[in-house]
Amino acid sequence: MGSDKQKLVALAVVVALLGCVATICEASHGFPYPMTPREKKTIPALGLGLAFDYYKDTKCRGVEKTVRRVVKEEVDRYPGIGAGLIRLFFHDCFVEGCDASVLLKATKDNPQPEMLGIPNINSLRGFEVIDKAKDALGEECREVVSCADILAFAARDATVLLGKVKHFEMPAGRYDGKRSLASDTLPNLPPPFADVATLKAMFLEKGLNTDEMVVLSGAHTIGISHCSSFGSRINASNPSDMDPNYASELRAKCNNQPTNTVNQDFKTPDDLDRQYYQNVLDKKVLFESDAALLSSSDTEGAVKEYAEPSGKWEEKFQEAMVKMGNIGVKSKGNDAEIRKVCGSVNY
């Protein structure tokens, strides 16, 4: 077990040194168990202290409208930032829980926060959007609305804008964490070379089942990635793992330059849609962790289901985003606060 973990960490270092850009990708993809039976649509049980319309009885009851305006302005200017916000939310929740710990910047006392962890450095985007939203709320809300809630709202709004779907409710009431360590990232963020058993286990550890893992993997339908994260696949000797024509196209685009980038979804790169699942079936996906979804009967069945134009994936993705937002929620106490500035703890 120890040697396997050391090997996983060593591989992650090599793969992620040049980083990833955009959404839930590369050194993050995400969680040996069968899928739970599909149920009728239900609202996930809310985490400690969370509630829908949490700020309605405060002087900051317009927080969601303000965040939505800021996110729309930024996404309209550059659609890729929407993918970044979704990925930022994922990377926050999977390390220390949904507590905005990923937003904390390096300081003399803590020179290596999460944002400088191998899966995150030079790859996460959207920090400035969260800061703009915090500032837009005004001084009266600076000590009322948490950065963790702003990030959750922003990821929800990016999902709606890129997915062209109806608005859905995201509960709030999260407090901001004070712990943020780069060393916590590798053990918690699934790597791009993960096999299906690893993906299932890592998601399950966060309270997300196999079906939700497949659903959230669909976020790989937006964003871009550095060639360094999948170079071994396009030069692999096993042609059955990737469509040979697709591999040839990627080799040409990467041109032996690890820092070159390509779209994660070659067909509809700016739309949060079900195209990812068809790409998996066609063996036209970038990461080993994407291709691994066909290696297990339960995940392969889910991929085939979500590739169909039924609208089921879009609904499931919204539900999974809400459930992910419940991970490790912190309440007021010694380990949490409402940050006045999202990049630093209060003093």
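The protein folds into 14 helices and four strands, where helices (H or I, at least four residues) and strands (E, at least two) are DSSP runs numbered from the N terminus. This is a predicted model, so local features need pLDDT of at least 70 and side-chain atom pairs count only at pLDDT 80 or more, while totals for chains, interfaces and linings use all residues. Residues are numbered from 1 along each chain as its sequence is written, and side-chain values use heavy atoms, with hydrogens and water left out. Here is a friendly tour, grouped by topic.

**Overall surface**

- Of the 347 residues, 55% count as buried; buried means under 20% relative accessible area, exposed over 50%, and partly exposed in between (1.4 Å probe, protein chains only).
- The accessible surface comes to about 15100 Å², and carbon and sulfur atoms hold 52% of that area. Accessible areas come from the Shrake-Rupley method with a 1.4 Å probe, and for residues only the protein chains shown count as cover.

**Disulfides**

- The structure holds four disulfides, a disulfide being a pair of cysteine sulfur atoms within 2.5 Å.
- The link of C93 and C98 is right-handed, with 120 degrees about the S-S bond, and both cysteines are buried.
- C147 is joined to C342 with an S to S distance of 2.1 Å. The disulfide of C147 and C342 is left-handed because the torsion about its S-S bond is about -95 degrees.
- That pair links distant parts of the chain, with C147 in helix α5 (residues 147-163) and C342 in the segment after β4 (336-337), 195 residues apart. Both C147 and C342 are buried.
- C227 and C254 also form a disulfide, with sulfur atoms 2.1 Å apart, and their link is left-handed at -90 degrees about the S-S bond.
- This pair again links distant parts of the chain: C227 sits in the loop between β2 (224-226) and α9 (231-234), C254 in helix α10 (residues 244-254), 27 residues apart. C227 and C254 are both buried.

**Nonpolar cores**

- The largest nonpolar core has 73 residues, and F89, I130 and M324 have the most contacts inside it. Such a core is a set of buried Ala, Val, Leu, Ile, Met, Phe, Trp, Tyr and Cys residues joined through side-chain atoms within 4.5 Å.
- Helix α5 supplies the largest share of this core, eleven residues.
- Setting aside residues up to four places away in sequence, I130 touches L85, L88, L103, C147, I150, L151, A154 and C342; contact means heavy atoms within 4.5 Å.
- A second, separate core of eleven residues includes C227, M242, C254 and F287.

**Annotated binding site**

- An unreviewed UniProt entry carries the annotation "binding site" for T221, D265, T268 and D273. UniProt positions are given in the numbering used here, feature names are shortened, and annotations may be inferred rather than shown by experiment.
- These residues are spread over 53 residues of sequence, yet they cluster in space, with a largest C-alpha distance of 9.9 Å.
- T221 lies in the loop between α8 and β2 and counts as buried because its relative accessibility is 0%.
- Apart from neighbours within four places in sequence, T221 is in contact with D265, T268, P269, D271, L272, D273, Q275 and Y276.
- The side chain of T221 makes a polar contact with the side chain of D265 at 2.7 Å. A polar contact is a pair of N or O atoms within 3.5 Å; within protein, one must be able to donate a hydrogen and the other to accept it, and residues adjacent in sequence count only if both atoms are side-chain atoms.
- T268, in the loop between β3 (261-263) and α11 (275-281), has a side chain in polar contact with that of D265 at 3.0 Å.
- Not counting residues up to four places away in sequence, T268 touches T221, D273 and Q275.

- Eight of the eight residues of α8 are buried, namely T210, D211, E212, M213, V214, V215, L216 and S217.
- Those buried residues pack against α7, α11, α13 (297-306) and α14 (312-324).
- N209 is found in the loop between α7 (196-205) and α8 (210-217), and N209 is buried because its relative accessible area is 16%.
- At the start of α8, a side-chain oxygen of N209 reaches to within 3.1 Å of the backbone nitrogen of D211.
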